[in-house]
Amino acid sequence: MKTKSLYISSLESSAGSLIVAMGIMELLKGRLGKVAFFRPVINDGKEVDKDIDFMSEHYALGMQYEQMYGYTVNEVESLIAENKYNEVLEHLIEKFKQLESQYDFVLIEGLNQSNFSNTLDFDINLSFAKNLSSPFISILKGKSKGVKEVIDEIHIEAEAIKVAGCQHFATFVNRLGDYEAEELKELQAKEALQTAPVYFLPEVPELDTPTVAEIKKKLGCMHIFGEEKDLRRVVKQSRIAAMKLENFLEYIHDGDLIITPGDRSDIVVGCLSTVFSKNYPNISGILLTGGMLPHKSINKLFAGFSDFSVPILSVDADTYTTAVNVANVPATITAQSVRKIALAMGLFSSNVNIKEIEQRINTESSSSAVTPIMFEYALFERARSNRKKIVLPESNDERILRATEILLRRDVADIILLGVKEEVMHKSATLGLDIAKATIIDPMNSSLMEEYVNAFYEMRKAKGLSLDVARDSMMMKNYFATMMVQQGFADGMVSGAIHTTQETIRPALQIIKTKPGISIVSSLFFMCLDTRVLVYGDCAVNQDPNAEELAQIAISSADTAMMFGIVPKIAMLSYSTGDSGKGEEVEKVRLATKIVKEQRPDLLVEGPIQYDAAIDPDVAKTKLPNSHVAGQATIFIFPDLNTGNNTYKAVQRSSGAVAIGPVLQGLRKPVNDLSRGCLVPDIVNTVAITAIQAQTNDGEKK
């Protein structure tokens with residue numbers, strides 16, 4: 001029987017229910033078009049429930065807030081006191097059934113039992129789950145508990161679920177010590193701990209630590225200096241600066257939030273100096289107290305920093321009160337907590353058997369819709385399944401470092417950065433990032449340099465390349481990175497955040513070269529619309545391809561599309577459809593279509609065809625009624641770069657589509673280009689795509 005809902009709950013507070021709910025929701029949104037989130041009871045009706053707010057925004061659920069909960073704690077306890085519990089159940093069942101009829105799946109998160117008064121002598125979440133006929137996921141808190149205590153709790157909880165008459169879907173033991181987590185996993189491998197699956201997640205301190213942004217919001221601070229992204233820094237501890245600067249500096253630790261009166265200019269300047277010094281730890285921020293703002297001369301000093309990455313806040317309260325208030329700020333996860341979300345999802349995916357959960361849920365989509373979230377989730381999942389080494393030569397770019405942290409935290413790929421290790425690590429630390437798992441190679445001091453110089457010389461000496469020019473080329477990071485891919489030290493390369501497309505492609509053409517039968521490198525974009533993913537090619541590389549080149553672009557695009565699960569139906573675009581138009585450009589497209597049909601008779605292709613006839617079934621019925629492509633095309637091949645580039649940008653900006661690319665194709669090994677205006681998510685997606693291309697290359701070799 002197909003499961004259409006799950007109920008997640010814990011007995012204790014801070015057990016990590018949201019993290020488990022996030023992991024399950026991501027899995028569901030990766031496979032199903034419409035997923036609802038529901039909380040039978042929330043803590044307080046005056047404030048927006050944090051978990052509902054997060055789920056609604058981060059996963060773009062498009063639900064009304066009132067749809068997403070049933071009662072507040074006070075409301076449900078009052079009704080129970082009046083012997084109206086059946087009324088509570090009837091109301092919840094009614095709301096749940098409405099969601100079930102409108103959505104493919106309903107994920108339910110119960111409020112942990114500790115939020116209810118002691119007069120409630122039964123597990124209300126088990127009762128709700130039973131009456132909603134939802135399989136139950138139990139969350140146990142493993143913090144500060146030994147192996148035997150955890151095992152006892154697993155068995156007790158399993159028995160309670162059985163007695164309550166609920167279907168036990170799984171148990172998650174969260175926030176375990178590293179030793180306990182490993183011991184429990186070993187015990188589970190030797191003998192099953194219970195009938196339902198059990199997953200053990202170790203404690204990750206950062207997830208239980210507030211960010212500067214959370215402190216700013218809770219205390220109502222003014223953000224004086226620094227960018228919004230710098231507020232994502234984690235505050236490991238707060239430290240009051242009361243000593244003289246020279247004494248206080250010796251007490252600074254990594255991740256400190258420095259709390260000091262606003263008139264202590266010496267402390268402010270001294271703390272900022274530590275950020276640019278390799279001899280001191282990196283603070284997370286500075287919080288000025290007493291409502292006093294920095295002197296104008298200090299402001300002038302701030303304004304002169306070109307790479308200012310430490311946030312400075314101001315608050316009206318005195319220093320002691322502020323320190324107490326900071327200590328009481330709870331750690332939360334919001335839709336803006338990019339780094340925490342990546343860390344949480346990496347924790348979930350590396351400790352949970354996703355396939356096992358998927359099989360138990362039996363998530364088979366009832367429609368062919370593919371949303372942007374579904375497509376991106378599929379990218380991450382495939383990349384994680386067989387992790388590849390991807391080299392990023394542009395380690396001096398902040399976006400690359402931020403993307404690196406996310407990729408490592410989510411286990412999407414193993415990352416190699418090119419640069420001087422001390423400089424790369426210092427820059428990442430000043431940005432508050434953790435990229436310790438990355439491999440950092442300095443080409444100028446690498447033992448690989450001579451090997452690569454000689455290899456490049458042997459490749460190109462027949463074309464007149466000298467050994468000195470080969471050495472000069474390898475000193476350029478894109479050449480060195482490309483040779484790493486060619487020689488098998490890396491599986492793929494992504495560049496272009498600060499380099500031009502030609503600077504990325506030229507080394508690949510000289511070193512890696514194109515696939516057999518393909519004479520040009522081309523590109524495509526995955527255009528993620530609301531309910532489907534289309535392929536646009538070529539919108540970034542070839543300015544005015546001839547008929548033969550256009551045919552190769554179409555064939556390469558079809559092969560790439562199939563690599564990512566898209567059934568190729570190719571529309572060779574022109575300003576006319578079928579035999580209606582004449583002219584040089586139309587004839588080029590007509591000839592290209594003929595070449596595709598001859599070279600790849602297995603592909604469905606139509607051309608020349610106008611865009612409206614290719615995408616709109618109603619228009620297709622009029623213009624090409626007997627076509628197997630018209631009205632249902634998945635791949636759109638543009639006749640030239642001018643048309644393609646303008647069209648993809650027009651669709652992206654006017655429809656809100658997510659454009660992933662450009663993805664390069666036609667090379668023997670994967671190298672991909674970034675736009676110089678790329679954002680961090682663009683880099684993350686491109687690396688995932690490159691990793692999948694590398695996986696496919698492995699399959700082709702076999």
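## Pocket, cores and local geometry

H1, S2, H2 and strand S6 (168-176) each supply two or more residues, that is at least two, to the lining of the largest pocket. This is a predicted model, in which local features need pLDDT of at least 70, side-chain atom pairs count only at pLDDT 80 or more, and totals for chains, interfaces and linings use all residues. Residues are numbered from 1 along each chain as its sequence is written, and side-chain values use heavy atoms, with hydrogens and water left out.

**Pocket and cavity**

Helices (H or I, at least four residues) and strands (E, at least two) are DSSP runs, numbered from the N terminus. H1 gives the largest share of the pocket lining, 3 residues. The space in this pocket is about 1,100 Å³. Its lining holds 37 residues, and those closest to the centre are Ser 14, Lys 50, Asp 51, Ala 331 and Thr 332.

The search runs on a 1 Å grid over the protein atoms alone. A pocket is an open set of points with protein on both sides within 12 Å along at least five of seven lines. A cavity is a set of points where a 1.4 Å probe fits but cannot get out. Lining residues have an atom within 4 Å of a point. Grid points are joined across faces, edges and corners, and a volume is the space filled by probe spheres set on the points.

The whole structure has 1 cavity of 30 Å³ or more. The largest cavity holds about 70 Å³ of space. Among its lining residues are Gly 23, Glu 26, Met 345, Phe 348, Tyr 377 and Arg 410. H1, H13 and helix H15 (372-385) each give two or more residues to this lining.

**Helix H2**

Which residues of helix H2 (residues 50-58) are buried? They are Asp 51, Ile 52, Phe 54 and Met 55. Seen down the axis of H2, these buried residues fall within an arc of 165°, so they line one face of the helix. The arc is that of the directions from the helix axis to the C-beta atoms. Buried means under 20% relative accessible area, exposed over 50%, and partly exposed in between (1.4 Å probe, protein chains only).

The cover over the buried residues of H2 includes helix H1 (17-29), strand S2 (35-42), strand S3 (69-72), strand S4 (105-109) and helix H13 (338-351). Asp 49 caps the N-terminal end of H2, with a side-chain oxygen 3.2 Å from the backbone nitrogen of Asp 51.

**Nonpolar cores**

A nonpolar core is a set of buried Ala, Val, Leu, Ile, Met, Phe, Trp, Tyr and Cys residues joined through side-chain atoms within 4.5 Å. The largest has 76 residues; Met 22, Ile 24, Met 55, Phe 128, Phe 172 and Ile 357 touch the most other members. H1 gives the most to this core, with 9 residues. Beyond its neighbours within four places in sequence, Met 22 is in contact (heavy atoms within 4.5 Å) with residues including Phe 54, Met 55, Ile 341 and Met 345. A second, separate core of 64 residues includes Phe 380, Ala 383, Ile 555 and Ile 689.

**Gln 695**

Gln 695 sits in helix H27 (residues 680-701). At 14% relative accessibility, Gln 695 is buried. A polar atom of its side chain lies 2.8 Å from the backbone oxygen of Arg 382. For the backbone oxygen of Ala 383, the distance to a polar atom of the Gln 695 side chain is 3.4 Å. A polar contact is a pair of N or O atoms within 3.5 Å; within protein, one must be able to donate a hydrogen and the other to accept it, and residues adjacent in sequence count only if both atoms are side-chain atoms.

**Backbone exceptions**

Most residues other than glycine have a negative phi, and most peptide bonds are trans.

The peptide bond from Gly 537 to Asp 538 is cis, with omega near -15°. Asp 538 lies in the loop between strand S18 (533-537) and helix H22 (547-563). Another cis bond joins Gly 607 and Pro 608, with omega about -5°. Pro 608 is in strand S20 (residues 604-609).
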